[in-house]
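Try each task yourself before reading its solution.

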Amino acid sequence: MSDKLDQFESAFRHTERHLYEGSDVEINSLLYVTDAQGKDGRQGMADAKAFLSPSRLGGKGNWSLMDGGGWTDIESVLRGVEEGNPDVVVVPRFLKEEFIHPTHSLGVVLDVLTQAQPRPVLALPQRGIALPQLERVMVATDHLADNEALVDWGAAMAAPEGMLLLVHVEDDLVFKRYKEAISRIPDLDSAETPVLILEQLLHEPRGFIKSAVASFARTRPGLTVQGVVESGHDTAVFKELAREKDVDLLVVSTKDDGQQAMHGTAYALAIEMPQLPVMLL
Amino acid sequence: MTTLVFGLLLAGMVAALAMEERIHAKKSVIASGFAVVALLLGQAMGILPGSDVVVGGHHIHIPVYIPPVDWEVIAIVLGTGIFVEVTAKSGLYNFIALRVTRASRGDPRRLLWLYGVMTVLFSAVLNNVTAMVIVGSLTVVSLEKLQRRDMLLGFLLVEGLLTNVGGLLTLISSIPNIIVGAAAGIGFVPFFLKAAPYVVVATVVTIMMGGRRFGIKALAPNDRDRAAEQVNAFQPDDAIVNPALFRIGGVALALLVLVFSFASAIPVVRDLGLGFVALAFGAAMLWAEKATADRVYSGLDWDLLAFFASLFVVIGVAEHAGVLDALAGGIATVLGWGEKVGTATLLVAGAGASSVTDNVPLAAVLARVLGNQASPVAEGSWWAVVFGANLGGNLTPIGSASTLVAVTIAHRHGVKLGFVRFFTLAWRFAAVQLALAALYLTLLP
């Protein structure tokens, strides 16, 4: 009897969809951190403003500048961020690290800002690299149905007539471990169980995306919303899609309660696509 | 002496079935054990009749344990079992249940009414246990979604009690109905027309009592939108496992009810009987699942079928030993008290017996006894057996398989619902249902 009850409870839970409800992202203040000084620093902030201007948040919020004269080391940057208490920190990569090879890290300042303070960070390409015209925003995650805020931010960053691409990738390396474990449990069908688990894992984000598309069709009729749900090597799929869809901004999570989720992928993506602006939440 | 021995054997089987859970044995195992002993004793004592029949001048040997089995009942149970198993796999019932959930807009009081009515209708079309499994499982999931787990006990109890009310609605809704209907020659439509008014009244009264007893109230206006959003998260379309089978299942279900209703008016089908109808529909649905029919077979309740066959054998031997004649004498005395008093007494006695043991042997014995009366018994007596056997299950958690399912679901989700607590909560409902039944039966023309 327990089997039968479990079977029906599962069947009903399967039909329960995490629906995207959507809420507005409010940004009242932004802090632009740079190592440039004077005119160059102000120009950098103006470029960042211009980059965000097509977004739904464009023109909103008070901008403040922490230029190269305002900080000397990472502690003073963090102190400045705490004192300014902005809603978003905007920062180019490789501050005061002119000699670092750009494929090896984000730069110390940006790296610490994503880890040591809770505010979202908009990572811009290294100074001197032109910013793209913000039109296509890609939200990339392995937990889309549980991450409504990520979609809220993606939508907030997208232009009213732009495109929002919601991407969920189940990492096949992680799944391979589960498949191996399943193959060693006699009570589970080694062929059928992984297929059913993967179907269920992909079913949830698909349903969530469907509800998000319906929600934006009502609230943001000009916005084109597309979804991609698949399994594969997450970083590789995200990179491929970003290139294929000519994405102008990537939105990713860098932390969960345990400070672990997505950090590895976000880090890898940000490093491997140094010319792409990335919103790190 | 022979009658006493087999009377004790029959009583022993009934007692063992009542303690099924305690002795950790399936019904079929208990009944088949008693059937083996009854056959051995019956043969040794020389009470079993010869088992050769002559067909077209040929002597055919039929084993002595074959004729007592009511194959019409077995055919109905097997055929409808296959039919329900296949249609359930299509997601048809889950789809309906989720539609009903969304229609409630998340309001607990409306949900109780809708789930209550759905329980009755599912019990009428499916079997009580399947109905309780579907509605009970969905109750757990939807109350979790609505963050109203505190109402789980009230919902499960009301639903459990209503499975036995819904089990009265049609001839195929429960096993006692099938057995008594076959013995009394009551057709599908006459059965429905007689039972439906009572089922409607008992359903309404039970839900109203449940809502009041467990404090299940309507939502305040401010909470309504949120609750509606929560239940809208359920997507009925996602319950459809196989769209083609889903459509076939829906049409076949409607056809099944239609053919059952008019079987007595359809030439050829009329002669083949309801058992044939059930088997034919079961076979037709199996065709839709022809490649995986073995999975359908594995989902059938073979314990129940083996139990029936064994039970009929025990009762058959007891009949040859004169046990049923002795019981008939007692029943005749009760019926002699007058149509109304006799009927009401039979109802209450049947319910009392059904509350502590399986209602199938009770219905099988009483149907055989009533059928063997010297003069035809009043129709009310047959109905008293049907109502008593079904409603008696609401007095205790062991009285019916479906209330036991309700208790099992409650336990799985941390709600303690032992024998005493169940009885304390349920007896008022059962008493009201029985009082309504007694009143209804005495008013029957």
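**Exercise 1: a nonpolar patch**

Helix α20 of chain B, residues 419-443, gives the most to the nonpolar patch, with four residues. Keep in mind throughout that this is a predicted model.

Task: find which residues form the nonpolar patch on the surface, and how much accessible area they have together.

Solution. Start with the members: V356(B), I398(B), F419(B), V420(B), F423(B) and W427(B) form the patch. Next, take their accessible area together, which comes to about 540 Å².

**Exercise 2: sizing up the interface**

Task: work out how many residues of chain A and chain B are in contact, and how much area the two chains bury between them.

Solution. Count residues to begin with: 18 from chain A are in contact with 28 from chain B. Now for area, since the size of an interface is often given as the accessible area lost when the parts come together. Here chains A and B bury about 2,000 Å² between them, and 58% of that is on carbon and sulfur atoms. On the chain A side, L5(A), F12(A) and T15(A) lose the most area to chain B, together 32% of what that side buries.

**Exercise 3: charges across the gap**

Task: say how many salt bridges link chain A and chain B, then look at two pairs and the elements behind the contact.

Solution. Take E16(A) and K145(B): their side chains meet in a salt bridge at 3.2 Å, N to O. This pair crosses from the loop between α1 and β1 of chain A to helix α6 of chain B. R17(A) and D238(B) also meet through their side chains, at 3.2 Å, N to O.

Then widen the view: seven residue pairs are in polar contact across the interface. Helices α1 and α7 of chain A each supply at least two residues of the side that touches chain B. The largest share of that side, 10 residues, comes from α1(A). To finish, sort the residues of that side by type: six nonpolar, four polar and eight charged.

Definitions and conventions
Residues are numbered from 1 along each chain as its sequence is written. Chains are lettered from A and ligands numbered from 1 in the order in which they are written. This is a predicted model: local features need pLDDT of at least 70, side-chain atom pairs count only at pLDDT 80 or more; totals for chains, interfaces and linings use all residues. Side-chain values use heavy atoms; hydrogens and water are left out. Contact means heavy atoms within 4.5 Å. Buried area is the accessible area (1.4 Å probe) that two parts lose on being put together, summed over both. A salt bridge is a side-chain nitrogen of Lys or Arg within 4 Å of a carboxyl oxygen of Asp or Glu. A polar contact is a pair of N or O atoms within 3.5 Å; within protein, one must be able to donate a hydrogen and the other to accept it, and residues adjacent in sequence count only if both atoms are side-chain atoms. Ala, Val, Leu, Ile, Met, Phe, Trp, Tyr, Cys and Pro count as nonpolar, Asp, Glu, Lys and Arg as charged, and the others, Gly among them, as polar. Patches are made of residues with over 30% relative accessible area and no salt bridge: like charges are joined within 9 Å, nonpolar side chains (Val, Leu, Ile, Met, Phe, Trp, Tyr) within 5 Å. Accessible areas come from the Shrake-Rupley method with a 1.4 Å probe; for residues, only the protein chains shown count as cover.
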